[in-house]
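Please look at the model first.

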Amino acid sequence: MEWLIAEACGSFPYLLRLILEGLLIGVIYSLMALGLTLIFSVLNIVSFSHGEFYMIGGYVVYTVLHHFKQVPGLVAVFLAAVVTFLIGAVFERLFLQPMAKGQVDRPNEYAILVTFGLAFVLQFVMLGLMGPFPKKVPRFFSFPEIDLGFLRTTRTTLFLGKIPLPGSRIFAAIIALIALGAMLYFMYRTWTGWALQAVSQDRNAAAVVGINPLNMNTLAFALGGMLAGLAGAVLVSVFSWVPWVGVPASAKSFVIIVLGGMGSIPGSLVGGLILGVVESLGTGCWPNPATAQAYRDVFGLVIFALVLLVKPTGLFGRKL
Amino acid sequence: MSRNGVLELEIRNVVKNFGGLQALKGVSLTIRGSQLVGLIGPNGAGKTTLTNIITGLLKPTSGEVWFNGERIDTLRPYHIARRGIGRTFQVTRAFRRMTVLENMLTPGIVKHPYMSRAELEKKAMEIMKFLTIDHLRFERAGSLSGGQQKLLELARLLMLDPDLIILDEPFAGVHPKLQRTIYNYIKRVREQGKAIILISHDMESIFTLSERLVVLNFGEIIADGPPEEVKNDPAVIEAYLGRDEEEEEDLRQAY
């Protein structure tokens, strides 16, 4: 076994490191995919502007921290959530509500076009505002220096034994986990969450018991956009940010929701983690390190194709 | 309630077209006070279409629906529900992936936003107990039998405290024991002074329970009156009951 690992990926600690890094990024993928799942379940549309909410989230954090250097990173992340929520709510009210009200002849095509339209608008607005050059946000989280033997930290890195894990990714994953937990609590333990579930399960039955499906549509789209925005907000300190950074992120979300099962909340959570680990292992174990990063997206797509072949409904193929 | 404190539903000359098909051809009907009105008619007569128009799921092509002095055919279904019209569906539509209790609390909070969770749960438990589904409160609605889901839908309806209840085929596909529970439910709801529109193919129940019977055929009301009168109406016998000897026999045996 160790020989096999050594042949494929070098050493066991290295393999473990790849898995842990994959899980860290996978949590954030899950967060983003959960937003897309929520939108799909309640509005029954696939939002092609999801990646742009991710991009906006990152730019909000960049702008806040760039202009107001004293502002704590967490406040900037919170602001990113608020801004993306508001953009989602306003957009849904203005452009998607006519579809829900039956004022549009071909709602499916309309939804695709209008969310694509939003994606382009947001990309080019940000291109105009921020320029085409990559922006980098300095790390806004530092570990206190601790040494507990097996667990050791420097300002930027956490060591589990000999395995180093970058602090910015851990911070991003922790925020994503908190957001995921809060979202799941909201969905399963609050009245509004039940109302969202009711609308996603049977729109007419929900309406005749007094739930306003139009408000639930707005809420779902805004929350979905907010989750993507949060993912961008916590990752902006990890990656360089450009106006089209959301395109691959959006593609990953599509892969995850199909992998996990369209509309399934557990599916999007597990799918995100799987994609994160597969990408990390694939890149880390690729024989030629010089080309490994170029194939990063391919590994996820291979798993995606395999799942579609074996279980076309995805791992948890049902609605939420 | 209307201004004089009496419930009033008024359907004024309602027409509904689906493309070239006219499902309702100028239906007019008034329900005043807490009556139990049976609505019968052959398949395709327009009963469910009329129900959908009253509850706002469909808009009439022309005509108006008024409830307690307010025009409601322009309102959305959730507004109509909040104004006191509740309904069940022919094919049960519980929220299948939510628990029975969550199914109950969701409309409860809509109607009683200032009631505490404990109070709402107490109210839900009372209703569920009467309908013998209280022991299922933590089960997922989708795991219940068809009959239990019907009971859940009826229970959920009462969380809205509606003044007018429309029951679409409540006895269909339900075990006789559960049918008895539904029968008792209807009687109890009647005692609470609520108006009911009962749509059913179960002739025995509908003739026993209804104070007034309305017969729809091809989108038109062909009879409206006390069940005894309607039963002997030649138009009804010809258009509806007369077509099916077995059903006609059921009808006779009901008396």
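## Backbone and interface in chain B

Asn13(B) is partly exposed, with 13 other C-beta atoms within 10 Å. On this scale a residue is buried with 20 or more other C-beta atoms within 10 Å of its own, exposed with 12 or fewer, and partly exposed in between, the C-beta atoms being placed from the backbone. The model is predicted: local features need pLDDT of at least 70, side-chain atom pairs count only at pLDDT 80 or more, and totals for chains, interfaces and linings use all residues. Residues are numbered from 1 along each chain as its sequence is written, and chains are lettered from A in the order in which they are written.

Most residues other than glycine have a negative phi. Asn13(B) has a positive phi. Asn68(B) has a positive phi too. Asn68(B) counts as buried, with 20 C-beta neighbours inside 10 Å.

| Residue | Phi | Place in chain B |

Helices (H or I, at least four residues) and strands (E, at least two) are DSSP runs, numbered from the N terminus.

Now the interface. In chain B, 21 residues are in contact with 15 residues of chain A; contact means C-beta atoms, placed from the backbone, within 7 Å. On the chain B side, α2 (77-82) and α3 (100-111) are the elements that give two or more residues. The most come from α3(B), with six residues.

Definitions and conventions
Contact = placed C-beta atoms within 7 Å.
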